[in-house]
Amino acid sequence: MTVEILIPLLTAAVISGTPILYATLGAMFSEKSGVLNLGVEGVMLTGCLTGFLVAKASGNPVLAFCAAGLAGALTASLHGLVCLVFQGNQVVSGLALTLLGTGLANYFGTAFVGQAAPGFTPVPIPFLADIPGLGPVLFNHDPLVYLSYMLPLLFWLFFTYTRFGLNLRATGEFPGAAAAAGINAVAYRWAGVLVGGFFMGLGGAYLSLAYTHLWTNNLTAGRGWIAVALVIFSFWRPGRAVFGAYLFGGIMALQLRLQAFGTTLPSSLLLMLPYILTVAVLVFSSLHKKKTGAPAALGVNIEPRD
Amino acid sequence: MTNPVIGDQQMPATHPVIRLDRLSKSFGSVQANKDISLEIHRGSVLALLGENGAGKSTLMSMLAGQLQPDSGHIYLDGAPVEFTTTDKALAAGIGMVYQHFKLVEAMTVAENILLGQPRGFWLGKASMGRTVRRLAEAYGMHVKPDALVADLSMGEKQQVEILKLLYRQSSILIFDEPTAVLTPAEADSLFATMRRMTGQGKAIVFISHKLEEVLSIADTIAILKRGEVIDRISAASIPSASELARRMVGRPVLLQVNKKPVPTRQVVLKVAGLQGGGLRGIDFELRQGEILGLVGVAGNGQKPLVESLCGLRRPRQGTIRLLGQDWKHFFSRQTWEKTLSYVPEDRQGLATCPSLDLLDNFLLTTRGGFVRGPWLQKEPARARAEKLLIEFDIRPPDLQTFAWQLSGGNLQKLVLAREFFRKPRLIVAEQPTQGLDIAAAEDVWNLLLQAREQAGILLVTGDLVEALALSDRIGVLFNGSLAGMIERDDPKGIEQIPLMMAGLESEASSSAP
């Protein structure tokens, strides 16, 4: 493959990997606290639509991006309500959240299909963007991409080196031990759900504010599910999530390009590529039976006292 | 912090640090504690002795803030206190080392100890390690601060639990059956730590039903029975364990069981050259009518051996013949009765399903006896299981109870009732009386002795007393091989067992490395 094809492909991989990265980190944050949120897809879509609407109304993409995060947190709070207040089943609640979020976004979004809103545009970083090869791939993007470069490092620092990260992980591993140590485990789970939802919402907003500036229904197109799988693939480590997100971004970009080149392969097969890879990734991850890093109490509700 | 100053505030012996005044607690119609009054003094060990379900844990859970008393008061240094949460009790200096450790396996020792401690935003891993190391050394413990808890032995995990409390400056430490999960050597080092703590003026409450232990560590002994304190004695005034047992059970307990000789018959288990998974060549035979005790410090090959014998692990090298069949044949077509029964050490994980009710747990291994075609015959099973509940005195005698609701002793009795119901020909019993009170342990011992008329029994235990009481022969496991096989009537050989368990026998007999 020549450089002329490779560099645009890698650039596209970063762009289409970015929303997946946001969502994966969000899902990981939630899971670190012990709450499995399968509603990533739905949370992303509400964030996606909120971002679009706020940008359209205010003309301020930064405000829209933040609003999308809050919308994500708000949507995820329903999951928190079911799982943390009413001790509902996390899997069922997560699936319901996907249906709800998708439905809401379609219902309120259909009126805006095809309309445009202001968003983020690429801002090349001086000097760095001029590096041959690396420059256009990594340093000629919109600010949201640059922000996403820093996030995995921040997440890792938070999980590993801060007291709050330790408490959050303890809550996900063994809420009973956390509670015995004087940690409010339920509060930390709420934090996990809400902060997680916030980043899932940001991931959705990337799609409507930077990836395209147009609204169409179901913009996420299954990226939420990929994020769920990527958390497992990354063994709950933020650094590996970067690798996974760009791998999937690359596959999605490749699939688009192959279609554009007019290959003889049926397009439905190409569209399947990311999901085939998802299955492969999950199989690969589960081969590592030991030390996958899954929080021990993931998906297990905290029984209320008495 | 490594130097808790308590000595200078030591009260006169007449002034207890904690006084429990007529505490009562009921769960539904069951009165777990009734008008219990006790005093806990600084620098001394109070032992709470009693059978399973006597109310020891309930009482201490009230002191530790886990449960609220229905009536009665707790006085700390003479002032009434109310511990509505464990935090409040902890803040008052009362900490409990639970039977089931509350440790995060995926975190390090230091992280577990400093979990939940307000120390600013960043953790400061290096200083955490130093703090923990200093604390551990101050109490003569040897845990590495950066070791992962999942990699620790039970004894080391317990040390982490203790260090958690010491770090929080707890001055009253409650140990809930701390030795149940420990090897004898680990228990000894726990006692040494306890003495160090009382030496520094800490008060210790020691919940146990092992008489020798209570006698060796306690200053005062309170005996609980059916929720009441029936006796309060100074340990120095008790001449022997059997005297203590008499007071505890209210009837003389035979620590020595009556063992009728049973003629041995055909070989039911033959192991030859078994290797792999830490085993280095194991050979022995077990005949119907005998009990072979396998003793050893935990981790010397018990687990791989038992797992291979019970079909959980494919033997890599060597042969195992069970009831005359080779391993592969035996486990490919198993029948439900008159075969191998496995009584695992892990009662809540391997032996039972905690969230199934007792009937379903009974049917786990006996369902073969209650089927007609594809259908499970639950009614006859229920009738049979109900009889067993009464026969084995399992409480509560209600088949709809979930397994997790049973106490350790009752759960073990359920497992034994179930397994003996299968009329086994070969029994592999792993730590069968661990965590059981004397009366229950005695029942289990007699059941095993009775079962031996029909079966060969492999008794894997860390309790040498138990092995000596039951076994016809004793094998000593050390480092994956049998360090010795001793006949029960060979007193000279028996004297050597503790040395063999420690791996010293080979050094004594040969100086070669």
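Colleague: How many residues does the contact take from chain A and from chain B?

Modeller: This is a predicted model, where local features need pLDDT of at least 70, side-chain atom pairs count only at pLDDT 80 or more, and totals for chains, interfaces and linings use all residues. Residues are numbered from 1 along each chain as its sequence is written, with chains lettered from A and ligands numbered from 1 in the order in which they are written. Two residues are in contact if their C-beta atoms, placed from the backbone, lie within 7 Å. For this contact, chain B gives 17 residues and chain A gives 16 residues.

Colleague: Which element gives the largest share of the side of chain A that touches chain B?

Modeller: Two elements give two or more residues to that side, α7 (163–173) and α8 (175–180) of chain A. Helices here are DSSP runs of H or I, at least four residues, and strands are runs of E, at least two, numbered from the N terminus. The largest share, 5 residues, is from α7(A).

Colleague: Why is α2(A) called oblique to α9(A)?

Modeller: Helix α2 (residues 40–58) and helix α9 (residues 185–211), both of chain A, have axes 6 Å apart and an angle of about 55°. Angles under 35 degrees count as roughly parallel, over 145 as roughly antiparallel, 65 to 115 as roughly perpendicular and the rest as oblique. So that angle makes the pair oblique.

Colleague: Which residue of β19(B) stands opposite B:L340?

Modeller: Strands β16 (residues 340–343) and β19 (residues 426–430) of chain B pair (at least two DSSP bridges) in the parallel sense over 4 bridges. Opposite B:L340 stands B:L426.

Note on methods
Axes are lines fitted to C-alpha atoms, for helices over the stretch in contact, and angles run from 0 to 180 degrees between N-to-C directions.
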